[in-house]
Amino acid sequence: MPPMPSPPREGTAVTLRRAGGIATLWIDNPPVNAISARVIAGLAEGLDAFEADRSLTGLVIACAGRTFVAGGDITMFDQPGFTPRPFNALLARIEAQDRPVVAALFGTVLGGGLELALACHGRVADPATRLGLPEITLGLLPGSLGTQRLPRLAGYAAALRMISSGGMIGAEEALALGIVDALAPEVTGAARAALAGLPLRRVSGLTPPDDAAPVLEQARAAAAARPWLPALTELVPCLEAVARPWAEGAAVEEAAFLRLMASAPSRALRHVFLAERAAARVPGADAAPRPVAQMGVLGAGTMGGGIAMACANAGLPVTLVDASAAGLERGLSLIDAAYAAMVKRGRLTPEAAAKRRARISGTLDMAALGPADMVIEAVFEDMALKLSVARELGQVCKPGAIIATNTSTLDVDAIAAATGRPGDVLGTHFFSPAQIMRLLEVVRGRDTAPDTLATVMGLAKRIGKAAVVSGVCYGFIGNRMAEAYMRESEAMQLEGASPGQIDGVAESPDWIGMAMGPSRMLDMAGVDVGARTVIEWIKGGQGPQDPAYRILCRTMFETGAHGQKTGQGYYRYAGREALANPETQGLAARLAAEHHVAARAHADEEIFERLLFPMVNEAAAILAGGIANRPGDIDVVWTAGYGFPGWRGGPLFMADEIGLDRIVARLDHYAATFGNPYGYWTVTPLLRDLAARGQRLTRSAS
């Protein structure tokens, strides 16, 4: 790793250093040396100085800190008049130098960082370096000649794979592809040494390889398969233009980049990207975190085992406790099977899997949780059981240990109080399978201490989760909104719509594009799981006292139609294939007659509105009540945890694109159509106010 340069003068992000007749341009723009206006200006100034000093024999471009340039500052894209031309002109100057320029690569070399490196005459990389062009994940293409230089250097096939997937490759593969010229651990020194006698190889002048035709066919097929991602469509003419004169290809890429930058999918994906990073900045969680070296998990069911794996995968030793020998044995067997499957699929070596598995030890003795720095209880979602366990953990856990309750709906404050040490307690709502799903809702209780919250947010990052903080309420952020979504899905089924019709609208990219519609989602999660939470909510007096409220789900629970695991749910199952279930549709018709629900035809537009708009209304109530810290947090919950497509930006970004005035008008329409005795269609004051003022939900509180 390169040594830190002398601190740059105030206001600069780049300094030029001279030593032994060689110049080094040091980029120092923490945390990831992103390309920004300051970096571009600093590089241009440093290049001026290098060009003026003819005593220098070459130039190294290097970075301070923990990585070479790992992308660009995407907030620049929303600035009026933004264009990639200033950076691209700088890259042209670098490539045109009459003395060799070498990039010293380490860390993650991404996006504009890789494009900067490709403009140099040579590239030396640390063996642990990873390289990529991830712009597609933001609905964009490389905008600084990556679509033109990379095919010339590595071939069309490698360029298509890297650009269309956005994935990273390792240094060894980059060397084999010709993207880097040499690997060396002391990368800055090696880059200086590489300058001696280095030919002025300008990538823009290389003859394109001859593997274009089949690759272009692949690119066209990929674009046709996902028409909702215009970046894939725009990539085809960019790759076609590689065979044209350089200036023409550059113009094609620039035009494509600017069109994509203004497109709705890219704006949505950039919103989610920035929202995930903002979600980690939690008001009131700026205390020093507590050390966490040993984890405990109580409950060896599917969720508890997944949580244990998530922690073990991150290098943490885990004590897994269950109340019964059979439950513990079953849980450890599921963990063994999960690791075996990862080995079989090539995702882990047998040695790596064994190392992770060895970090998990099982026991029936709750006292074994005593040494743990943090314990997550993942017992059955039953309040009486949770309270009993909380009281016991309050006694067993050592002073200062954090106690987390994994719950999707229950009152975290009541559970925290039962421990006798509520400052150490919060909620952790993992999503199943916990070792895979990215979202973690962290539920801050009334008495949760700031360092407790800071510790768990740090742990979430350590185990690879996108963490969002929620306040305490039924369902927190995600399930509170999902309740409105499921309510309308089931109401429409009583009115005569089929689960397949409703799920079809939810899953269609023409409407929302969800990974799963509401009925498929609940069948997979377990109808019994969903029904129990609703039943407890209603029994507790907080849920609607409407006899027809989610009566379909509640009755299916009573009859044993629990979804995939029983072969019968909203659908019937042949293996994992979901087929129409006449029994459930017949049940819906019978319940509709009992509860005097009138049949009606459902156009796709009505299904869309009744699924999405009540969710948006509930989200506005969540914001107004302070349950979520910011609108973007809500969109992160839905894109990271519920299969809401990132290219829609989440439900709030999508609502803003639709127009809040339309949403309010349609909610009022449904209130008039169905009546509103239980307040299902009452527009949240915040939503009505923003609509009246022509404002956006995603900008209502940031």
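The side chain of Arg290 makes a polar contact with the side chain of Thr452, at 3.0 Å; a polar contact is a pair of N or O atoms within 3.5 Å, where within protein one atom must be able to donate a hydrogen and the other to accept it, and where residues adjacent in sequence count only if both atoms are side-chain atoms. The model is predicted, so that local features need pLDDT of at least 70 and side-chain atom pairs count only at pLDDT 80 or more, whereas totals for chains, interfaces and linings use all residues. Residues are numbered from 1 along each chain as its sequence is written, and side-chain values use heavy atoms, with hydrogens and water left out.

Arg290 is located in the loop between helix 11 (264–279) and strand 10 (295–298); helices (H or I, at least four residues) and strands (E, at least two) are DSSP runs, numbered from the N terminus. Arg290 counts as buried because its relative accessibility is 18%, where buried means under 20% relative accessible area, exposed over 50% and partly exposed in between (1.4 Å probe, protein chains only). Not counting residues up to four places away in sequence, Arg290 touches Gly400, Ala401, Ile402, Gly423, Asp424, Ala449, Asp451, Thr452 and Thr455; contact means heavy atoms within 4.5 Å.

Pro450 belongs to helix 17 (residues 450–462). With a relative accessible area of 42%, Pro450 is partly exposed. Apart from residues up to four places away in sequence, Pro450 touches Gly284, Ala285 and Ala287. Pro450 and Asn406 are separated by 44 residues in sequence and by 19 Å in space, C-alpha to C-alpha.

Eight strands form an open sheet with mixed pairing, in the order 12-11-10-13-14-15-16-17; two strands pair if DSSP finds at least two bridges between them. Strand 12 (360–363) and strand 17 (466–470) are the edge strands, each pairing on one side only. On average, neighbouring strands of this sheet are turned by 25° against each other, direction ignored. Axes are lines fitted to C-alpha atoms, for helices over the stretch in contact, and angles run from 0 to 180 degrees between N-to-C directions.

An open sheet of three strands has the order 5-7-8 and mixed pairing. Its edge strands, strand 5 (108–110) and strand 8 (168–170), each pair on one side only. Neighbouring strands of this sheet are turned by 25° against each other on average, direction ignored. Strand 5 is joined by three bridges to strand 7 (residues 130–132), and the two run parallel; Leu110 stands opposite Gly132 in strand 7.

In helix 22 (residues 551–559), the residues Ile551, Leu552, Cys553, Arg554, Thr555 and Met556 are buried. The buried residues of helix 22 pack against helix 18 (478–494), helix 20 (518–525), helix 21 (527–539) and helix 23 (582–594). Gly560, with a positive phi near 85°, follows helix 22.

A search of the whole structure finds zero disulfides, a disulfide being a pair of cysteine sulfur atoms within 2.5 Å. Cys473 is in no disulfide, and the nearest cysteine sulfur, that of Cys553, is 19 Å away. Cys473 counts as buried because its relative accessibility is 16%. Cys553 likewise counts as buried, at 0% relative accessibility.

Two packed helices are described by the angle between their axes and the distance between the axes. The axes of helix 26 (residues 651–658) and helix 27 (residues 660–674) come within 6 Å and cross at roughly 95°. Helix 26 and helix 27 are therefore roughly perpendicular to each other; angles under 35 degrees count as roughly parallel, over 145 as roughly antiparallel, 65 to 115 as roughly perpendicular and the rest as oblique. Ala655, Asp656 and Ile658 of helix 26 make the contact with Leu660, Arg662 and Ile663 of helix 27.
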